[in-house]
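Subject: Structure handover

Hello,

Here is the structure I promised to pass on. Please open it alongside this note.

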Amino acid sequence: MAESMDEDMEETLPLQQDLTCPVCQGIFRDPVLLPCTHSFCRECLQKSWQFNKKCPVCREEFEERQAIANRALNDACDSFLKQSHLRASQKRPSEDTCNLHLKPLELYCEKDEAPVCVDCVTLHSTHRLLPLKDGAPLCKRELGFKVQIFEKKVESYKKMTHKLSNAKGYIKYQAEQAEKQIKAEFERLHKALVTEEVLRLKALATEEEEKTATIQELIDSTKKDITALKELIDSLKKEMGNEDLPLLRNFQDLKRKAQWTREDPRLCDDSLLDMGKHVGALSFNIWKNMQAHVKYYSVVLNPNTASPWLSLNADLTSVKESAERLTAPDNPERFDPCVFVLGAEGYTSGKHRWDVIVGDNPKWIVGVCKESVARKKKFTVSTSRGVWSIALSKGVYSVLTPERTELQVQQRPEKIRIKLNLDKGEVSFWDGGTAKHLVTLTHKFDERIFPIFGPGLHSTPMILAPGKIAVHTS
């Protein structure tokens with residue numbers, strides 16, 4: 001058996017050398033023939049030709065189109081590979097031997113990352129080969145690095161799982177708070193609607209009672225008139241039954257008595273219910289009266305962007321410093337460590353306006369910012385950082401440009417009005433109490449813009465002022 005294997009190897013090696021590409025040192029793959037009679041793998045020749053237009057063996061120049069397919073050599077390579085695989089399968093080498101040469105795997109190819117035998121050296125002539133005892137530590141070292149990376153990733157994933165669990169719990173908390181607020185608001189509006197219903201039903205009942213009483217008085221008066229008329233008829237009929245001479249003598253008196261000066265009974269104007277008043281456009285009139293119970297805010301706050309050191313009220317219209325750091329998920333939108341909160345809606349076009357009541361807060365920032373403003377690191381608030389705003393700090397009002405322009409104000413504004421005109425690329429600031437213009441900043445806004453609020457670390461809240469509601473009909 002051993003002699004047979006040696007004979008096979010002796011036959012195979014010379015043939016393998018004849019079928020080996022001079023460039024890649026592997027069995028030819030799709031071989032091509034040059035005019036100089038040398039053959040190469042098509043891919044090897046193409047790569048070589050990009051750098052040198054000469055044959056890699058004899059250095060004779062050639063044109064790329066002169067390389068023709070060497071079908072005979074290709075068929076020989078296919079037959080050799082099939083025969084080699086067939087022999088390998090027949091001999092059933094162990095896992096420790098080379099499938100091609102049936103010799104022990106004693107070397108490690110660093111480039112191909114695989115063990116090889118001594119006869120494979122010609123196939124890996126350009127590769128770095130090491131003894132197995134030297135190759136194994138290299139692989140173990142690389143795998144060790146992978147293990148360390150994965151172990152760190154496992155720890156990172158565990159932390160993320162904890163954060164995700166916290167976020168899941170926070171979502172449940174948000175849902176509970178939102179449900180509580182929704183129910184409270186509907187309860188308040190329901191009470192207002194019930195009150196409106198009671199008032200309308202009371203007005204209907206009052207008018208019904210008044211109109212019914214008026215009609216009843218007319219009915220009673222008419223009945224009295226009927227009785228009087230019957231008595232007058234009876235009296236006249238009795239006189240008409242007398243002899244002619246007495247009738248004629250009393251005729252003038254009878255004629256005077258036979259007079260009826262009272263007005264005939266009739267329905268007066270406006271005697272029926274005013275149905276238009278009670279049920280005409282009923283839902284619209286109810287909605288119009290409900291305005292007294294409804295406030296409109298052109299801007300509300302987004303709690304998912306609020307710094308953990310800020311506390312928002314239930315309807316998201318005011319913000320102030322929290323006495324302690326609140327527990328909130330570290331979601332990408334949230335400002336931390338900077339103490340800011342954004343409006344709930346961003347804008348890409350149109351005109352927008354809102355008022356912010358700053359009161360007597362000694363420090364605050366209000367304005368607008370681009371959506372991509374930094375959230376997870378401290379930064380200097382400036383137009384160069386994507387924030388267009390004004391601020392109060394240490395008694396000085398400033399426009400937060402890179403050079404920090406000071407604003408001159410005649411009196412301390414308690415309400416700041418922000419007007420944003422994205423189509424013109426303008427954001428202007430006004431004293432909301434006196435309607436005095438403070439400053440206008442211009443910029444070509446190229447992304448979504450959000451209102452931004454920095455109330456400072458003070459217990460006095462920064463409040464969004466409600467807008468006016470106007471009903472226009474046509």
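To begin: does serine 84 count as buried or exposed? Serine 84 counts as buried, at 10% relative accessibility. Please keep in mind that this is a predicted model. Serine 84 is found in helix α3, which covers residues 71-91.

Next, go to helix α4, residues 132-240, and helix α5, residues 244-257. They pack at an angle of about 170 degrees, and their axes are 11 Å apart. That angle is over 145 degrees, so α4 is roughly antiparallel to α5. On the α4 side, the contact is made by Leu232, Leu236, Glu239 and Met240. On the α5 side, Leu247, Asn250, Leu254 and Lys257 make the contact.

**The six-stranded sheet**

Then turn to the strands. Six of them form an open sheet, in the order β9-β18-β11-β12-β13-β14. The pairing is antiparallel. Strands β9 (341-342) and β14 (405-407) stand at the edges. Each has a single partner strand, so one side of each is left without a neighbour in the sheet. In general, strands of a sheet pair through backbone hydrogen bonds.

Strand β11, residues 364-370, is mostly covered. Six of its seven residues are buried. β11 runs antiparallel to β12, and six bridges join them. β11 also pairs with strand β18, residues 449-454, again in the antiparallel sense and over six bridges.

On to strand β12, residues 387-393, and strand β13, residues 396-399. These two pair in the antiparallel sense over four bridges. Alanine 391 stands opposite serine 398 in β13.

Serine 389 also has its place in β12. This serine is buried, with a relative accessible area of 0%. What is serine 389 in contact with, leaving aside its neighbours within four places in sequence? The contacts are Ile365, Val366, Gly367, Val381, Ser398, Val399, Leu400, Phe429 and Leu441.

**Two hairpins**

Strand β15 (residues 415-421) and strand β16 (residues 426-431) run antiparallel and are joined by six bridges. Arginine 417 stands opposite tryptophan 430 in β16. The two strands form a hairpin with four residues between them. Glycine 425, in the turn, has a positive phi of about 70 degrees.

β16 then pairs with strand β17, residues 436-442. The sense is antiparallel, over six bridges. Aspartate 431 stands opposite lysine 436 in β17. The hairpin of β16 and β17 has four residues between the strands. Here, alanine 435 takes a positive phi near 60 degrees.

**The cores**

The largest nonpolar core has 34 residues. Which of them touch the most other members? Ile390 and Phe453 do. Apart from this core lies another, of 17 residues, among them Leu19, Cys36, Cys41 and Cys55. In soluble globular proteins, nonpolar side chains tend to be buried together.

Not counting residues up to four places away in sequence, isoleucine 390 touches Trp364, Ile365, Val366, Ser398, Val399, Leu407, Ile416, Phe429, Leu438 and Val439.

**The cysteines**

How many disulfides are there? With a cut-off of 2.5 Å between cysteine sulfur atoms, the count comes to zero. Cysteine 36 is in no disulfide. The nearest cysteine sulfur, that of cysteine 55, is 3.6 Å away. Cysteine 36 counts as buried, at 14% relative accessibility.

Best wishes

Terms used:
Residues are numbered from 1 along each chain as its sequence is written. This is a predicted model: local features need pLDDT of at least 70, side-chain atom pairs count only at pLDDT 80 or more; totals for chains, interfaces and linings use all residues. Side-chain values use heavy atoms; hydrogens and water are left out. Two strands pair if DSSP finds at least two bridges between them. Buried means under 20% relative accessible area, exposed over 50%, partly exposed in between (1.4 Å probe, protein chains only). A nonpolar core is a set of buried Ala, Val, Leu, Ile, Met, Phe, Trp, Tyr and Cys residues joined through side-chain atoms within 4.5 Å. Contact means heavy atoms within 4.5 Å. Axes are lines fitted to C-alpha atoms, for helices over the stretch in contact, and angles run from 0 to 180 degrees between N-to-C directions. Angles under 35 degrees count as roughly parallel, over 145 as roughly antiparallel, 65 to 115 as roughly perpendicular and the rest as oblique.
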